[in-house]
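Hello,

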Amino acid sequence: MRLTRCQAALAAAITANLLVLFYVSWLQQQPRSARTRGPRRGAAAAAGPQVTVLVREFEAFDHAVPELVDSFLQQDPAQPVVVAADALPYPPLALPRLPNVRLALLQPALDRPAAASRPETYVATEFVALVPDGARAEGPGRLERMAEALRAEALRPGGARLVAAPVASATPARCLALNVSLREWTARYGPAPPSAPPRCDALDGDAVVLLRARDLFNLSAPLARPVGTGLFLQAALRGWAVRLLLDVTFPAARQPPLATAHARWKAEREGRARRAALLRALGIRLVSWGGGRLEWFGCGKDTPRCFGTVAGDTPSYLYEGRWTPPCCLRALRETARHVVGVLEAAGVRYWLEGGSLLGAARHGDIIPWDYDVDLGIYLEDVGNCEQLRGAEAGSVVDERGFVWEKAVEGDFFRVQFSESNHLHVDLWPFYPRDGVMTKDTWLDHRQDVEFPEHFLRPLVPLRFAGFVAQAPNNYRRFLELKFGPGVIENPEYPNPALLSLAGSS
Ligand SMILES: *[C@@H]1O[C@H](CO)[C@@H](O)[C@H](O)[C@H]1NC(C)=O
Ligand SMILES: *[C@@H]1O[C@H](CO)[C@@H](O)[C@H](O)[C@H]1NC(C)=O
């Protein structure tokens, strides 16, 4: 059998591929210590680079990455540099062909081994410096000084786990305080309390950030973009502080990236989309900047609500150790306020019921882990309200997009936030019989019981969800009748048999 030239070339290519694959898997199997503490570091530790320059934050369509890489190579031709991108940058990135300069493509691909998409595969030094596009090295020693500063921090109790040096760009780094609450799906930024040298939880603006490779690659999403947003959220949650160095500054690129208005516009648009996707992926639904500025990343009027059908009265987020997403609480408050406005205008007598009354009695708001709002109404008043009359016949979308309908589970009404977002207020019609409020269908809930009508005569105003609603008089006794004694003082999840507040915290 004769081999054609084409077949021979194919065989050679396959062999070459196999060799590369074999080499990478061999590298993977070497004990880590052999790789990091190999012959280079022992004797030549002082001379050999200890820091890998990692370039992740740049726009493929307009950047100054070659200038950045060259500037570090001018300080030390052996400087390890890794440029990380999701996929092959386009237009192609011109990097020097040197063994210490590598392009890491993080997106999995059919033809690459698993290790190729893991950034830690490319880093063998103790430290990593995340260098933003638009920065440049000039004069030796900056990275070494940063590494020294980090070593000194490690010796101090409560020392910082990251050190940062500003880039002299148009937006140099600024120190921020950051509190992350997973339970509340919230990140709160504010000005960092003054300290010298500055100690921050997060940075705004351009900085080179240096940390131990082992710390960086132990994060769940080490190189998710925007790198700063993701890195500082994960660091703050672990209590890792950032020391902002005042005596090390990196110069800005001579040919700064994104110099045109169009490039900036495009970068900002893509940056916003990436940031929203990252915050959602990390479970942050609300970012608060202090002074009342809020950014919402959760469900809205035209998206589904952000949790699925509730089973056993225990919504999915409780099992994740979280409370109601803030966007859902906001939508519930808005729906409750709207429904109460409609009922009051139509002359339908209503009152806060169940968990909603409990929340109002405790702290004037929806219980922070509740997933709906309950109101009682007088059955005989239903006819007064156009939306409720409509709901008797089918579902009605009112002029503000709320959906009024008869619930499928029984004889009560439900008002949904929107057609796509099914966060809702339930309206339970009761009628008086011999001084007792009753109804015809009952759900299997402890609080779903008859009660004396005198609790409704008169109704009393009570602060709830940002407005004033009507509530039963003597609501403490009303709640204890429904839920049992001490219910106001002793918060508990809706179904403690499945998941209890004490057991989950
Ligand atoms: C973070 O939490 C601490 C302690 O509760 C508080 O003193 C500080 O003001 C909070 N900072 C921000 C930015 O929310
Ligand atoms: C990685 O993080 C976990 C906690 O998140 C910690 O227990 C572990 O020691 C860390 N590993 C390294 C190598 O730092």
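The notes below cover the ligand site and then the cysteines. Please keep in mind that this is a predicted model.

Ligand site

In the side chain of N179, an N or O atom is 2.2 Å from an oxygen atom of ligand 1.

Cysteines

There is one disulfide in the structure. It joins C175 to C200, with an S to S distance of 2.0 Å. The two cysteines are 25 residues apart and link distant parts of the chain: C175 belongs to strand β6 (residues 174-181) and C200 to strand β8 (residues 199-200). The torsion about the S-S bond is about -115°, so the disulfide is left-handed. C175 and C200 are both buried.

C299 is in no disulfide, and the nearest cysteine sulfur, that of C306, is 3.4 Å away. With a relative accessible area of 7%, C299 counts as buried. For C327, the closest cysteine sulfur is in C299 at 3.4 Å, which is too far for a bond, because a disulfide requires the sulfur atoms to be within 2.5 Å. C327 is buried as well, with a relative accessible area of 2%.

Regards

Note on methods
Residues are numbered from 1 along each chain as its sequence is written. Chains are lettered from A and ligands numbered from 1 in the order in which they are written. This is a predicted model: local features need pLDDT of at least 70, side-chain atom pairs count only at pLDDT 80 or more; totals for chains, interfaces and linings use all residues. Side-chain values use heavy atoms; hydrogens and water are left out. A polar contact is a pair of N or O atoms within 3.5 Å; within protein, one must be able to donate a hydrogen and the other to accept it, and residues adjacent in sequence count only if both atoms are side-chain atoms. Helices (H or I, at least four residues) and strands (E, at least two) are DSSP runs, numbered from the N terminus. Buried means under 20% relative accessible area, exposed over 50%, partly exposed in between (1.4 Å probe, protein chains only).
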